[in-house]
Amino acid sequence: MLSSISESVKLLCQHDSSGHDWWHIYRVVNLAKHIGSKEGADLLVVETAALLHDLDDWKLDSSDSENLPIARKLLNENGSTEDFIEKILTIIKEVSYKGAGIETIPSSIEGMAVQDADRLDAIGAIGIARTFAYGGHKNQPMHNPDLKPIHHSSYEEYKSTRTSTINHFYEKLLLLKDRLNTKTAKEIGQQRHIFMEQFLEQFYSEWNLD
Ligand code: NI
């Protein structure tokens with residue numbers, strides 16, 4: 001069952017250049033299964049939700065993150081039960097980051113594993129690379145010292161504010177290590193977080209010629 005879902009997902013994200021390509025999905029699936037196995041989660045649920053977690057995301061063009069039509073269609077085509085479909089769609093809705101001021105803690109350990117994996121793929125060296133790819137995709141400036149980071153207090157504000165890629169570190173990436181759910185993910189996140197801090201330090205020292 002999962003191989004046919006993953007083939008469909010691979011086809012759907014093959015042309016993505018926003019940092020949400022197939023290899024992001026691939027890494028999140030592996031990481032979520034790793035976390036899930038240490039945390040005693042149902043790995044079929046974890047893997048399925050991880051595979052489908054970005055297909056209906058608001059960050060991507062023409063998405064419907066309320067009804068998740070693409071994920072639902074693929075699950076239906078694979079003959080999943082209504083119960084299983086609801087479980088997966090609930091996780092997908094809970095996974096997404098909605099802004100610094102908005103808590104989104106998943107209601108199941110499977111959801112926590114997928115959310116942690118998705119967040120870990122947004123930090124560290126890969127997170128840095130993906131953030132610049134996404135900024136380019138959104139026509140954002142890389143850095144503009146006149147634009148200050150914003151602590152978003154609503155999802156609408158987070159979705160609509162124009163920012164720079166460097167600001168995105170302060171608005172999201174550096175906050176993620178304290179928003180991880182599981183002990184396994186917190187251990188992995190620690191080192192990735194330190195690497196981002198070092199990156200920013202080097203970035204500013206080059207920018208300012210110090
Ligand atoms: Ni993702």
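Helices in this description are DSSP runs of H or I with at least four residues, and they are numbered from the N terminus. The structure is a predicted model, in which local features need pLDDT of at least 70 and side-chain atom pairs count only at pLDDT 80 or more, while totals for chains, interfaces and linings use all residues. Residues are numbered from 1 along each chain as its sequence is written, and side-chain values use heavy atoms, with hydrogens and water left out.

The metal site is described first. The nickel ion has as its protein donors His24 (NE2), His53 (NE2), Asp54 (OD) and Asp118 (OD), which lie 2.1 to 2.3 Å from the ion; donors are N, O and S atoms within 2.8 Å of the metal, or 3.2 Å for Na, K and Ca, and since water is not among the atoms, sites may look incomplete. Along the sequence, the donor residues follow the spacing H-x28-H-D-x63-D. The angles among the four donor atoms run from 83 to 170 degrees, and the site is irregular. Four donors count as tetrahedral if all angles lie between 85 and 135 degrees, whereas four count as square planar and six as octahedral if opposite donors are over 155 degrees apart and all others between 65 and 115, anything else being irregular.

Helix 3 spans residues 43–52, and because eight of its 10 residues are buried, helix 3 is largely enclosed by the rest of the structure. The buried residues of helix 3 are Val45, Val46, Glu47, Thr48, Ala49, Ala50, Leu51 and Leu52. These residues pack against helix 1, helix 2 (22–38), helix 4 (69–77), helix 5 and helix 6 (109–120), where contact means heavy atoms within 4.5 Å.

Helix 3 and helix 5 (residues 82–95) pack at an angle of about 55 degrees, with their axes 9 Å apart, which makes helix 3 oblique to helix 5. Angles under 35 degrees count as roughly parallel, over 145 as roughly antiparallel, 65 to 115 as roughly perpendicular and the rest as oblique. The crossing of these two helices, helix 3 and helix 5, is right-handed, and the contact is made by Leu44, Val45, Thr48, Ala49 and Leu52 of helix 3 with Phe84, Lys87, Ile88, Ile91 and Ile92 of helix 5.

Helix 1 and helix 3, in turn, pack at an angle of about 15 degrees, with their axes 10 Å apart, and are therefore roughly parallel to each other. Helix 1 passes helix 3 in a left-handed crossing; a crossing is left-handed if the near helix is turned anticlockwise from the far one by less than a right angle, and right-handed if clockwise. On the side of helix 1 the contact is made by Leu2, Ile5, Ser6 and Val9, and on the side of helix 3 by Leu44, Glu47, Thr48, Leu51 and Leu52.

Val9, placed in helix 1 (residues 2–12), has a relative accessibility of 0% and so counts as buried. Apart from neighbours within four places in sequence, Val9 is in contact with Trp22, Ile25, Leu51, Leu52, Leu55 and Leu74.

Helix 10 (residues 183–207) contains His193, which is buried with a relative accessible area of 6% and, leaving aside neighbours within four places in sequence, is in contact with Leu174 and Lys177. Ile188 is also placed in helix 10, but at 22% relative accessibility Ile188 counts as partly exposed. Residues up to four places away in sequence not being counted, Ile188 touches Leu31, His34 and Leu120.

Leu68, in the loop between helix 3 and helix 4, has a positive phi of about 50 degrees and is buried, with a relative accessible area of 2%. Leu209, found in the segment after helix 10, has a positive phi of about 55 degrees, and at 78% relative accessibility Leu209 counts as exposed.

Conventions:
Axes are lines fitted to C-alpha atoms, for helices over the stretch in contact, and angles run from 0 to 180 degrees between N-to-C directions. Buried means under 20% relative accessible area, exposed over 50%, partly exposed in between (1.4 Å probe, protein chains only).
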